[in-house]
Amino acid sequence: MKIEYDKDLTRQNTFGMKVSCACYVEFDSGQDLSDIYEESSRRKFPQPFFHIGGGSNLLFTKDFPGTVFHSAIRFIKTLSHPDRKTDSGVSGVEVEAGSGVCWDDFCSWCADHGLWGPENLSGIPGEVGAAAVQNIGAYGVEIKDIVKEVRCFDVVTGGMRSLSVKDCRYGYRDSVFKDSAKGRYVVVSVVFRLSSEARPRLEYGHVRKAVEEAGGGLSPAAVRKVILEIRNSKLPDPAVMGSAGSFFKNPVVPKSSYDIVENYAKGKYGQEYEVPHFDAGSGFVKIPAAWLIEQCGWKGYTEGNVGVYEKQPLVIINATGQATPEEIIALEYKIIISVQNLFGITLQPEVEHV
Ligand code: EPU
């Protein structure tokens with residue numbers, strides 16, 4: 001376990017906010033967590049406690065007065081082999097990855113081993129533990145589709161607990177870890193159920209066309225390569241430009257709210273115009289927040305040190321590297337209010353504000 005006091009967190013958050021925390025702890029095992037949360041040692045660490053992964057989905061709004069914990073548990077191992085049959089009767093390979101493994105390193109490892117599962121999620125910043133908490137998703141796949149179980153330290157009982165994918169109660173960018181059990185479980189590792197048999201999921205947008213045009217055949221590595229190319233053409237590289245990926249969730253609204261949006265669009269662009277949207281079931285419709293934000297004129301907008309990414313308006317950027325949390329929050333509110341005024345829809349941030 002590594003402990004640092006008055007730690008600068010600029011490199012621990014992809015937005016590049018220049019904030020610090022009173023104490024920063026890197027833990028290496030479930031045993032470390034047990035030691036940290038043991039009654040007598042708990043007092044050694046300033047409160048409150050907060051766990052981060054790659055810091056790629058959060059906005060530090062100020063210096064953090066307590067202890068920030070980060071997993072340095074970094075291993076990937078195969079637990080079962082291709083010939084073993086899973087419950088559904090198909091061949092599966094179970095792979096366990098430590099919570100501190102860089103998510104894209106895991107995707108790369110799977111592609112190198114010819115394993116299908118996370119290839120569409122390639123290139124998403126962050127680490128394995130936070131990916132499972134957040135139910136990361138991209139290009140028609142969510143991590144919940146390949147998670148078998150999440151192994152955690154339970155701060156309430158002080159012991160280890162394994163949560164099945166059902167226990168995780170996954171929803172769109174949501175899980176039990178963000179909801180009813182917030183703060184209770186610290187992810188130690190995640191067990192994935194992958195496949196050595198071809199399982200491509202190419203239906204999202206132009207993914208199939210791009211894979212066919214690439215002409216490299218169909219393999220996890222080939223799909224991964226195409227996904228990385230698509231991502232790089234649309235999303236800023238956090239190593240170059242500070243951001244936390246999608247700042248807002250795509251709103252799921254009643255059909256009556258969608259009708260207002262559609263009327264607006266047909267009035268502006270003509271009756272033939274199709275608003276991008278997806279049926280979310282039970283009379284609800286999911287509308288890309290990117291489209292709503294673009295309609296309000298924000299795409300490519302900059303103001304002081306912050307801006308809205310020119311190729312994907314769902315992403316707020318630290319344009320100069322000098323942005324403050326206040327500037328980001330001011331822009332966030334302006335965007336929310338403008339979308340509310342034009343469409344009557346209230347965008348919810350996807351990024352956690354700390
Ligand atoms: N769109 C616009 N203008 C734009 C860009 C997009 O109108 O400039 C509209 C288009 O209609 C497009 C639609 O938005 O078809 C969807 O765009 P995109 O495929 O880029 O996906 P998204 O819904 O905006 C989500 C995730 C991303 C993920 C992509 C790809 C959320 C909040 N975001 O974005 O995840 O990479 O799908 O699957 O669900 C993240 O979570 O940080 C993230 C980047």
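A salt bridge here is a side-chain nitrogen of Lys or Arg within 4 Å of a carboxyl oxygen of Asp or Glu. By that rule, the structure holds 22 salt bridges. Keep in mind that this is a predicted model, where local features need pLDDT of at least 70, side-chain atom pairs count only at pLDDT 80 or more, and totals for chains, interfaces and linings use all residues. Residues are numbered from 1 along each chain as its sequence is written, and side-chain values use heavy atoms, with hydrogens and water left out.

Let's start with a network of salt bridges that links K77, E94, E96, K148, E149, R151 and R193. Inside it, E94 pairs with K148, their closest N and O atoms being 4.0 Å apart. E94 sits in strand 7 (residues 93-98) and K148 in strand 10 (residues 147-154), so this pair ties together parts that are 54 residues apart in sequence. Strands (E, at least two residues) and helices (H or I, at least four) are DSSP runs, numbered from the N terminus. K148 also meets E149 in a salt bridge, at 3.0 Å from N to O.

How covered are these residues? Buried means under 20% relative accessible area, exposed means over 50%, and partly exposed is in between (1.4 Å probe, protein chains only). E94 is buried at 7%, E149 is buried at 14%, and K148 is partly exposed at 25%. Another salt bridge joins E203 and R208 at 2.5 Å, N to O; there, E203 is exposed at 61% and R208 partly exposed at 37%.

Now for the ligand. Of the 23 residues around it, Y139, Y172, Y204, E294 and K299 come nearest, where a residue counts as near if one of its heavy atoms lies within 4 Å. That shell divides into 12 nonpolar, five polar and six charged residues. For this count, Ala, Val, Leu, Ile, Met, Phe, Trp, Tyr, Cys and Pro are nonpolar, Asp, Glu, Lys and Arg are charged, and the others, Gly among them, are polar. Strand 8 (137-138), strand 13 (242-246) and helix 8 (289-295) each supply at least two shell residues, and helix 8 gives the most, with three.

Polar side-chain atoms reach the ligand too: one of Y204 lies 2.6 Å from a ligand oxygen, one of E294 lies 2.6 Å from a ligand nitrogen, and one of E350 lies 3.2 Å from a ligand oxygen. The protein covers 81% of the 810 Å² of accessible area that the ligand has on its own (Shrake-Rupley method, 1.4 Å probe).

Methods
A polar contact is a pair of N or O atoms within 3.5 Å; within protein, one must be able to donate a hydrogen and the other to accept it, and residues adjacent in sequence count only if both atoms are side-chain atoms.
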